[in-house]
Amino acid sequence: MTEEPKKLKRPRGIAQLIPGKCIACGARCEAECKFDAIVMNDKGEPIIDSKKCVGCQRCVKICPAQAIEMFFTPEEQKILAELAKQKTAQPVPEAEEPQDPRLAKIKEYKGVWIFTEHTEGKPAEVSWELLGVGAELAKARGVELCSVVIGEKVEHLCNEAFAYGASRVYLVDDPVFHYYRTESYNKAFCYLIEKYKPEIVLIGATGLGRDLAGAIATKLQTGLTADCTGLAIDEKGFLLQTRPAFGGNIMATILTEFTRPQMSTVRPHVMPMPKKDPSRAGQIITEKVPVKEADIAAKVLEIISDEQMDSVDVAAAEVIVSGGRGMCNAENYKILQELADELGGVVACSRAAVEAGWMPLERQVGQTGKTVRPKIYIACGISGAIQHLVGMQDSDIVIAINRDKNAPIFEVAAFGIVGDLFEVVPAITAYVREKKKQKVAR
Ligand SMILES: Cc1cc2nc3c(=O)[nH]c(=O)nc-3n(C[C@H](O)[C@H](O)[C@H](O)COP(=O)(O)OP(=O)(O)OC[C@H]3O[C@@H](n4cnc5c(N)ncnc54)[C@H](O)[C@@H]3O)c2cc1C
């Protein structure tokens, strides 16, 4: 008679941070922990309370940098090894096929697709940023990473997509796609999706991208999560789409369970730019899509570029001097402009400044404004509301000037100056000017 294997309880372990691996992605692990076991330190790294951790592994799964692992005591490790042995001895039967017909249908969809946005052949950088996160998703799913290029004379974009990580590009090249129009691009994109069935489609949350993504999701009757700040794959293979919700007060993780593709938009500069390797090559699949000029109602009469409008691209700036309600009026923004000029940067603002009519909406940073990732972000008279922080917390260095020492902006600042901005800002400008003069004189 064979002896029944001893019934062992699987140990849960506790989560622990792997030193040096956290990328301070924005407290996703803290938001994910349902047991208040995680708080963030001032570097944006998690401190895990081993007494509160129940070993649910949610933080491990959500971490985009695989910086959290499960810790097991030597005793627990022995039990795990024993369980593994028992499992090999008695193979678990294959899980039954899902009965829900909707789940069976979604299995036909494979691959991660990234839309390559461009203006007359000039690519939007967000397309390459999405290839970076797309590569991680494709790896986790064991599928191909592909780009979609639609336009006229845009074959050069395929090579760029390969250089940033795509292994295949679906190319639709025709004069009818010279300018972006919702109708024509929507038809072309949906045609490709229906033919090749990707499981995930990522699009930049730009003006164009938001318009296109909404149109595609509506036509294909699938889910779309806008302005995601985190993307990951769960243990069942679903795309976890994380974004701020309820006015930015919580982070919500959204799943598209029964329809495909799973669609998300992500704002520029939210995901890091992957390394470019021009030696990489891939496969181009050229498609002829049945869209005729006569079928498209909208006609493009004129394109007015950002340069013609003399607008400032806050999202692309490396140095940003930003002002909030503490600036008191529009006139006072001159002192921020002077500092920005000295540092080769641009001036931005909080929503309070836009609402007061002191600054244009295009300069607003935050949840309902631009997401920025400059090398230096100087926040002047900005309190640091969560809706503002989500737009600038990934800046390399944040310098905060505020007369309230308890202002939340200091929690994300590398350098904090408690004082009156009308004294501090001109003093910094004068100091920078002086230093530059001395450099020229040397
Ligand atoms: C759905 C939603 C979306 C939102 N989206 C955004 C968004 O995209 N971007 C955004 O910014 N906000 C957004 N908000 C608004 C946000 O909640 C805050 O109200 C806003 O960010 C506050 O702006 P502020 O920091 O300039 O003003 P306040 O919160 O009023 O802070 C002003 C700060 O200036 C300091 N100060 C005053 N005078 C001086 C001085 N002389 N010297 C130094 N410091 C001084 C004060 O101590 C204070 O900390 C959103 C809100 C909601 C509900």
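Q: Which elements each supply at least two residues of the shell around the ligand?
A: In this predicted model, the elements that each supply at least two residues of that shell are helix 10 (351-355), helix 11 (386-392), strand 20 (397-402) and helix 12 (421-441).

Q: How many residues surround the ligand, and which are the closest?
A: The ligand is surrounded by 29 residues, and the closest are Gly324, Gly326, Arg351, Gly366 and Ser383.

Q: What makes up the shell around the ligand by class?
A: The shell has 15 polar residues, together with nine nonpolar and five charged ones; in this count Gly is among the polar residues.

Q: Why is Asp404 called partly exposed?
A: Asp404 has 13 C-beta neighbours inside 10 Å, whereas a residue needs 20 or more to be buried and 12 or fewer to be exposed, so Asp404 counts as partly exposed. Asp404 is found in the loop between strand 20 and strand 21 (415-418), and its C-alpha lies 6.6 Å from that of Val418, although the two residues are 14 apart in sequence.

Q: How do you know whether helix 3 lies largely in the open or is buried?
A: The number of buried residues among the 16 of helix 3 is zero, so this helix lies largely in the open.

Q: What span does helix 3 (residues 74-89) reach, and what is expected at 1.5 Å a residue?
A: From its first C-alpha to its last, helix 3 reaches 23 Å, which is close to the 22 Å expected for its 16 residues.

Q: Which residues of helix 6 (residues 155-163) are buried?
A: The buried residues of helix 6 are Leu157, Cys158, Glu160, Ala161 and Phe162, each called buried because 20 or more other C-beta atoms lie within 10 Å of its own. Their cover includes helix 5 and strand 8 (145-151), as well as strand 6 (118-119), strand 7 (122-123), strand 9 (168-173) and strand 16 (283-286). After helix 6 comes Gly165, with a positive phi near 125 degrees.

Q: What is the largest nonpolar core, and which residues have the most contacts inside it?
A: The largest nonpolar core has 65 residues, and Val149, Ala161, Ala166 and Phe189 are those with the most contacts inside it. Helix 5 (residues 125-141) gives the largest share of this core, seven residues.

Q: Why does this core lie between domain 1 (14-89) and domain 2 (103-295)?
A: Both domain 1 and domain 2 give residues to this core, so it lies between them. Apart from it lies another core, of 41 residues, among them Tyr377, Met392, Ile401 and Ile409.

Q: What is Phe189 in contact with, leaving aside its neighbours within four places in sequence?
A: Beyond those neighbours, Phe189 is in contact with Val148, Ile150, Leu212 and Ile216, and a contact is assigned because the C-beta atoms of the two residues lie within 7 Å.

Q: How many residues of domain 1 are in contact with domain 2?
A: Seven residues of domain 1 are in contact with nine residues of domain 2, while the C-alpha centres of these domains lie 31 Å apart. On the side of domain 1 that touches domain 2, the elements giving two or more residues are helix 1 (28-32) and helix 2 (58-62), and the residues of that side divide into four nonpolar, one polar and two charged.

Methods. Residues are numbered from 1 along each chain as its sequence is written. This is a predicted model: local features need pLDDT of at least 70, side-chain atom pairs count only at pLDDT 80 or more; totals for chains, interfaces and linings use all residues. A residue is near a molecule or strand if its C-beta atom, placed from the backbone, lies within 6 Å of it. Helices (H or I, at least four residues) and strands (E, at least two) are DSSP runs, numbered from the N terminus. A nonpolar core is a set of buried Ala, Val, Leu, Ile, Met, Phe, Trp, Tyr and Cys residues joined through C-beta atoms within 7 Å. Domain bounds come from an automatic or database domain assignment. The expected span of a helix is 1.5 Å times one less than its number of residues.
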